[in-house]
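Subject: Handover of a structure and its findings

Dear colleague,

Please find below the structure that I am passing on to you. My notes on it follow directly after.

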Amino acid sequence: MQRRGGLAPQQRRHPAEQTRAKRPPPAPLVGPELLLLGLRLRRGSVSRLQAPGGDLRLRAASAWATDVAAEPAAQWAAHCLNGGRELRCVDAAASLGCTWTDSVNQVLRGAVSSAKNRSKGLQPPCPMWCYVVVFLIIWCLGWFLRDKRTIDTVTNKHVFITGCDTGFGNLLARRLDRKGFKVLAGCLTQKGADDLQTGTSPNLKTTLLDVTSTESIKRAVQWVAAEVGEKGLHALVNNAGVANPIGPTEWMTVHDYRKVMEVNTFGTIEVTLNFLPMIKRATGRVVNMASVLGRLSANGGGYCVSKYAVEAFSDSLRRDMYHFGVKVCIIEPGFFKTAVTSLDSIEDALQKLWNQMDPDARRTYGDKYFQNYLRVQRTIMTFICDPDISKVPKCIEHALEARHPRTRYSPGWDAKLVWIPGSYLPAFIIDAVLAFILPKPAHRAR
Ligand SMILES: NC(=O)c1ccc[n+]([C@@H]2O[C@H](COP(=O)([O-])OP(=O)(O)OC[C@H]3O[C@@H](n4cnc5c(N)ncnc54)[C@H](OP(=O)(O)O)[C@@H]3O)[C@@H](O)[C@H]2O)c1
């Protein structure tokens, strides 16, 4: 490799350095140039010059002499040297008063190291999280506007609700009546039907319905068909449900499971299947009452099992009805103060289970277990049960009125903060939390 003047590099002041001292410093590298260098580094036109252990200048020179791939990098370096104006590398060398190979080598080395330094602090013009935040804001806004859109009118829309004697069903029937819906309310008892009829408009009509009886369901279907006519049924709300007995799994019999599932699961399924033709005709919707306990099984007994089944049934129904335009919504309330969560009835049912349990099995829990269990349950229920039960009918109203009803609604602070997030946690965490909270049996293996 040829050098000017034949002096050792360390003995002479290189003309390039002299010239450079007079020149203003090269223009600072900006984003696109750095990116360009990055690309070239990746492509290999520069990286080979920086091979570990190799002398950069020598490698630059030999690469320049033998490989045209080095040329873009050299040109880019010359460009930088010229303060941003285009300059061929040969001209750059001439302007520095040295062989252009030398100048190119020097500049390449300087450019590469300065680009490396700068690229450490390199920031894109707008950080990636900005794009993510903007996307999320637009997405939330779009979702919010879509969620707020409602159907044109509710006045000629028929809604059939099961389990309207008390609780959510009763309140929902009254609220929908006030809104102008044509409410068809299924009640388990005549007393429940009569009570509901008082204080509501003639638009609200009642019928007796036991969802565990096929005969009763058939009668209700005929009655509803006569009410809605050719229009069909805008919505079916499967609300009827029972909970007891709830408690440790070992205390149950299979009959206890069947009893609850008859109402909550098979009642929901049979009613839905019978009303489906009417709902399809109106391109209507099905609203199924599940529970947070259908997302996270926190206790034994048929209740959680039945609500998990309601979730599964609703999911498959929604997918199967998609092409018919029938929408299926799932309501997953947290804990609310209604008959279902009445401590008296839950404790009565538990007491029965405890009394009828096999004595050997009971001994493994110990005498204090039952009282401790009741105490813990009472504390949790008192703390967690929300007295404002209107939150649940409000969600159902959205499911009935919205142009785009949601797939799932989770009314209640405990649903939003505890149960639904908890349902996404690994099982061992929930296991540990429940093992910690619930009383420990007297004879335990660990
Ligand atoms: N309260 C909560 O914390 C909570 C939480 C999540 C989910 N849920 C669910 O919400 C729904 C409504 O419960 P709720 O809290 O409002 O309690 P609720 O007041 O006891 O309501 C349940 C209704 O279902 C009726 N019913 C019971 N068995 C029936 C049958 N075989 N056929 C027809 N109707 C029947 C009951 O009638 P009678 O009153 O005449 O027995 C009652 O009107 C249930 O599905 C429940 O599982 C409740």
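Is the crossing of α11 and α12 right-handed or left-handed? In this predicted model, the crossing of these two helices is right-handed. Helix α11 spans residues 254-281 and helix α12 spans residues 302-321; their axes come within 8 Å and cross at roughly 20°. Angles under 35 degrees count as roughly parallel, so α11 is roughly parallel to α12. On the α11 side, the residues that meet α12 include Asp256, Tyr257, Lys259, Val260 and Met261, and also Asn264, Thr265, Thr268, Ile269 and Thr272. On the α12 side, the partners include Gly302, Tyr303, Val305, Ser306 and Lys307, together with Ala309, Val310, Phe313 and Leu317. By class, the residues of this contact are 10 nonpolar, six polar and three charged.

Helix α11 also packs against helix α10, which covers residues 214-228. The angle here is about 25°, and the axes are 10 Å apart. It follows that α10 is roughly parallel to α11, and α10 passes α11 in a right-handed crossing. From α10, the contact draws on Thr214, Ile217, Val221, Val224, Ala225 and Val228; from α11, it draws on Glu270, Val271, Asn274, Phe275 and Met278. The contact of α10 with α11 has eight nonpolar residues, two polar residues and one charged residue.

A further helix pair is formed by α8, residues 167-179, and α16, residues 391-401. The two pack at an angle of about 55°, with their axes 9 Å apart. At that angle α8 is therefore oblique to α16. The crossing of α8 and α16 is right-handed. Phe168, Leu171, Leu172, Arg175 and Leu176 of α8 face Val392, Pro393, Ile396 and Glu397 of α16 in this contact. Seven of the residues in the contact of α8 with α16 are nonpolar, none is polar and two are charged.

I turn next to the ligand. Which residues come nearest to the ligand? Of the 30 residues around the ligand, these are Gly163, Gly167, Ala240, Gly241 and Thr338. Helices α8 and α11 each supply at least two residues of the shell, and α8 gives the most, with three residues. The shell divides into 14 nonpolar, 14 polar and two charged residues.

Two points of backbone geometry deserve a note. Most residues other than glycine have a negative phi, and most peptide bonds are trans. Asparagine 244 and proline 245, however, are joined by a cis peptide bond, with omega about 5°. Proline 245 is placed in the loop between β4 (235-238) and β5 (246-247). Threonine 283, although not a glycine, has a positive phi of about 45°. Threonine 283 lies in the loop between α11 and β6 (285-289).

Finally, the unreviewed UniProt entry carries the annotation "transmembrane region" for residues 126-145 and 417-438. In the model, residues 126-145 are 90% helix and 0% strand, and the end C-alpha atoms of that span lie 28 Å apart. Residues 417-438 are 82% helix and 0% strand, with the end C-alpha atoms 20 Å apart.

Yours sincerely

Definitions and conventions:
Residues numbered from 1 in each chain as written. Predicted model: local features only at pLDDT ≥ 70, side-chain atom pairs only at ≥ 80, totals over all residues. Axes fitted to C-alpha atoms, helices over the stretch in contact; angles between N-to-C directions. Helix = DSSP H or I, 4+ residues; strand = E, 2+ residues; numbered from the N terminus. Parallel < 35°, antiparallel > 145°, perpendicular 65-115°, else oblique. Left-handed = near helix turned anticlockwise from the far one by under 90°. Contact = placed C-beta atoms within 7 Å. Nonpolar A, V, L, I, M, F, W, Y, C, P; charged D, E, K, R; others polar. Near = placed C-beta within 6 Å. UniProt positions renumbered as here; feature names shortened; annotations may be inferred.
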